[in-house]
Amino acid sequence: YIFSKPKRGDIVVIKVNGRDMIKRIQKYDDCQVFVTGDNEKESIDSRSFGAIDKSEIVGKVILGVR
């Protein structure tokens, strides 16, 4: 990783099925990551496509602007 090792609570950019998504890490182990979106009712995340391989993490969000 160019950034620190991902951990629970981090917001990351992932690539799943050719699509970039921003999600929050809920569970992380050596191989797989379970991610969820902050909008639980509308989000397409690991609850629908399952845990992802850690290689599908593109980057970590380090600054958000509102």
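Which residues does Ser43 touch, not counting residues up to four places away in sequence? Let's come to that after a short walk through the whole protein. This is a predicted model, in which local features need pLDDT of at least 70 and side-chain atom pairs count only at pLDDT 80 or more, while totals for chains, interfaces and linings use all residues. Residues are numbered from 1 along each chain as its sequence is written, and side-chain values use heavy atoms, leaving out hydrogens and water.

The protein has five strands and one helix, taken as DSSP runs (E, at least two residues, for strands; H or I, at least four, for helices) numbered from the N terminus. Along the sequence their order is β-β-β-α-β-β. Of the 66 residues, 27% are buried, meaning under 20% relative accessible area with a 1.4 Å probe, protein chains only.

Now to Ser43, which sits in the loop between strand S3 (32-36) and helix H1 (46-49). Ser43 counts as buried because its relative accessibility is 18%. Leaving aside residues up to four places away in sequence, Ser43 touches Lys23 and Gly37, where contact means heavy atoms within 4.5 Å. Lys23 lies 20 residues from Ser43 along the chain, and their C-alpha atoms are separated by 9.1 Å.

The side chain of Ser43 also reaches the backbone nitrogen of Gly37 at 3.3 Å. With the side chain of Asp45, the Ser43 side chain makes a polar contact at 3.1 Å. Such a contact is a pair of N or O atoms within 3.5 Å; within protein, one must be able to donate a hydrogen and the other to accept it, and residues adjacent in sequence count only if both atoms are side-chain atoms.

Notes
Buried means under 20% relative accessible area, exposed over 50%, partly exposed in between (1.4 Å probe, protein chains only).
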